[in-house]
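Subject: Structure handover

Hello,

Here is the structure I said I would pass on. My notes on it come after the files.

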Amino acid sequence: MKLSVSVLLFLSLFVSFLFTIRADTKSTDSCSSNEAVSSLVPFYSSTFHCLSAWSSQSFVLRYARTDTNKWSYVLSAPDTNAYVGIGFSHDGDMEESSAMVGWFDSSSKGVIKQYYLGDMESSACPPDQGNLTLVKNSTLIAMHSSTIYLAFEVITDQPTPYLIYAVGHPGDLPSSNYYLDEHHDRATAKFDANSGIINGADSSSGFTKARKHSLLVILGWGLLIPIGAMVARYFKSHDHPHWFYGHVSIQMVGFALGLAGIVIGFDLDSSGVDRYDTHKALGIVVLVLGCLQAMALLARPVSTNKLRKYWNVLHHNIGRLAIGFGIANIFVGLSIADEKKSWYIAYGVCLGAWVVAAAWLETRYRMKSGD
């Protein structure tokens with residue numbers, strides 16, 4: 001019964017964790033509210049099409065064919081103290097495409113420029129270059145209610161069939177030479193300008209590989225493994241082996257999820273990422289400790305064996321080290337990823353609940369031991 005209560009507590013905390021993450025993605029602009037864009041963009045009119053371009057980053061795109069060979073665009077996105085951009089691609093790849101990128105610098109001055117995207121290197125994406133033929137004096141960047149608006153007009157008979165969206169790392173703005181650092185997140189969408197149908201933006205970047213890595217590691221190393229350790233310490237009974245099976249099952253699932261997250265993590269692009277080596281080293285340490293725990297299960301002496309007490313000391317302390325390093329590395333990883341505060345708050349709440357529960361159970365455990 002006590003074990004069931006613990007499982008229910010974990011499930012409720014994890015559901016709260018997911019909802020808290022999603023709560024921070026509300027749009028600051030929408031197609032039903034056009035007053036701001038009407039007052040900010042001179043060439044905007046009610047004939048513009050409007051669509052949710054990239055829902056996970058709250059990008060909204062308004063566009064229209066305003067002349068035989070002229071297309072007008074207005075892209076809006078939440079201000080995260082980072083650059084935002086929209087690229088035009090013939091094949092869906094970022095390489096050899098052109099993009100319009102804008103941001104507000106530290107002095108609140110707006111900057112909007114065209115870029116040629118040669119490849120993933122910053123030096124291969126020069127500013128003020130590209131294949132877009134812009135209408136003279138049509139580019140504009142504005143801010144309203146913490147929303148950035150990029151507006152521009154392009155001379156072309158038909159827009160490219162793919163759009164690329166990107167957002168930079170919060171607080172990492174381009175320097176005076178205007179070269180861009182690697183994006184924090186991006187998405188590619190197939191786009192039919194005539195019908196206004198857009199497909200695929202969220203499938204390519206709504207839940208990125210980095211976030212899959214984060215969620216798997218948090219669920220495995222950061223939540224299940226600590227709960228499994230709690231089961232072994234506080235629900236142990238010599239009369240019934242249920243605690244042992246519960247402990248082993250939870251730890252095996254937690255280890256599998258954490259291992260899957262680490263495998264994904266090794267495949268992530270680490271170029272230009274601060275503290276990546278520290279995060280990777282801690283991850284390897286946690287993985288090694290976890291493997292030792294798994295192998296220890298196979299070498300577990302029977303309770304009457306003289307070596308059992310030494311095995312217990314090693315098993316318990318290696319487990320504590322794995323949990324400590326795992327939790328620390330989760331926060332290192334979240335800081336590297338520049339995740340929103342909701343991730344810190346959600347995991348902090350779950351971790352805090354575990355600490356409070358462990359403290360209460362430890363107090364009861366020691367009081368019973370003293371009787």
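The model is predicted, so local features need pLDDT of at least 70 and side-chain atom pairs count only at pLDDT 80 or more, while totals for chains, interfaces and linings use all residues. Residues are numbered from 1 along each chain as its sequence is written, and side-chain values use heavy atoms, with hydrogens and water left out.

Salt bridges

Side chains of opposite charge can pair when their charged atoms come close. The structure holds five salt bridges (a side-chain nitrogen of Lys or Arg within 4 Å of a carboxyl oxygen of Asp or Glu). Helices (H or I, at least four residues) and strands (E, at least two) are DSSP runs, numbered from the N terminus.

Lys-70 and Glu-153 form another, at 3.8 Å from N to O. Because Lys-70 lies in strand β3 (residues 70–78) and Glu-153 in strand β8 (residues 147–155), the pair ties together parts 83 residues apart in sequence. Glu-153 is buried, at 7% relative accessible area.

Glu-362 and Arg-233 meet at 2.8 Å, N to O. This pair links helix α8 (residues 341–370), which holds Glu-362, to helix α4 (residues 209–234), which holds Arg-233, across 129 residues. Glu-362 is buried at 15%, whereas Arg-233 is partly exposed at 30%. Arg-233, Glu-362 and Arg-366 are linked in a network of salt bridges.

Surface patches

Patches are made of residues with over 30% relative accessible area and no salt bridge; like charges are joined within 9 Å, nonpolar side chains (Val, Leu, Ile, Met, Phe, Trp, Tyr) within 5 Å. Accessible areas come from the Shrake-Rupley method with a 1.4 Å probe.

Phe-266, Ile-284, Val-288, Leu-292 and Met-295 make a nonpolar patch of about 440 Å². Its largest share, four residues, comes from helix α6 (residues 276–298). Val-288 lies in that helix and is partly exposed, at 45%.

Regards

How values were computed:
Buried < 20%, exposed > 50% of the residue type's maximum accessible area, 1.4 Å probe, protein only.
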